[in-house]
Amino acid sequence: QIEESEALTRKSKRKLQLLGRSKAKKESNTNDNLKDGVKEEQPKLMISTCFDQAALSYSKTAALVQHIVPIGAPKRQREAAQPTLYLTKKELKRQRKLRRAEKQRELQDMQAAGLVKAPEPKLTFQNFIRVLNEQAFLDPSQMEKKVAD
């Protein structure tokens with residue numbers, strides 16, 4: 001197919017060269033006053049005609065080529081649906097506890113690596129009394145005000 005079109009193109013180029021030479025001789029002898037635009041249009045017309053004739057519609061062998069129709073890949077059939085497994089309350093509780101523990105471990109690891117900032121310590125009345133042991137007993141109402149702020 002490609003070889004045939006290349007052969008036709010080569011053949012038409014040879015014709016074009018021969019035609020151009022013979023016309024050039026005639027034109028030089030008869031009309032030296034023609035514009036360059038008119039001289040350039042004829043080879044372009046010849047080239048377009050050659051390419052049109054080199055198309056597959058004019059090819060004698062294109063009809064003989066077998067074009068295979070693509071077939072899609074076979075689709076997978078779904079496996080038989082497995083019955084859902086229901087957990088007891090005790091198992092669900094255990095699973096939740098393990099998930100939360102794992103999440104907490106990951107958070108602690110990230111804090112140790114410095115990727116996540118450690119949470120601020122919780123400021124409750126009881127914690128504040130533990131920290132400021134003696135002062136809290138001297139003036140408990142003032143300690144409550146500080147904790148409230």
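Helices here are DSSP runs of H or I with at least four residues, numbered from the N terminus. The model is predicted, so local features need pLDDT of at least 70 and side-chain atom pairs count only at pLDDT 80 or more, whereas totals for chains, interfaces and linings use all residues. Residues are numbered from 1 along each chain as its sequence is written, and side-chain values use heavy atoms, with hydrogens and water left out.

Helix α1 spans residues 2-30 and contains K11. Together with R10, R14 and K15, K11 belongs to a surface patch of positive charge. In such a patch, like charges are joined within 9 Å, and each residue has over 30% relative accessible area and no salt bridge; the place of a charge is NZ of Lys or CZ of Arg. K11 counts as partly exposed because its relative accessibility is 47%, the class between buried (under 20%) and exposed (over 50%), with a 1.4 Å probe and protein chains only.

The loop between α2 (36-53) and α3 (89-113) holds L87. With L85 and L92, L87 forms a nonpolar surface patch of about 320 Å² accessible area together; nonpolar side chains are joined within 5 Å. L87 is partly exposed because its relative accessibility is 39%.

The structure holds 1 salt bridge. R105, at 43% relative accessible area, is partly exposed, and E102 counts as partly exposed at 36%.

Note on methods
Accessible areas come from the Shrake-Rupley method with a 1.4 Å probe; for residues, only the protein chains shown count as cover. A salt bridge is a side-chain nitrogen of Lys or Arg within 4 Å of a carboxyl oxygen of Asp or Glu. Helices (H or I, at least four residues) and strands (E, at least two) are DSSP runs, numbered from the N terminus. Lys and Arg count as positive and Asp and Glu as negative; His and the chain ends are not counted.
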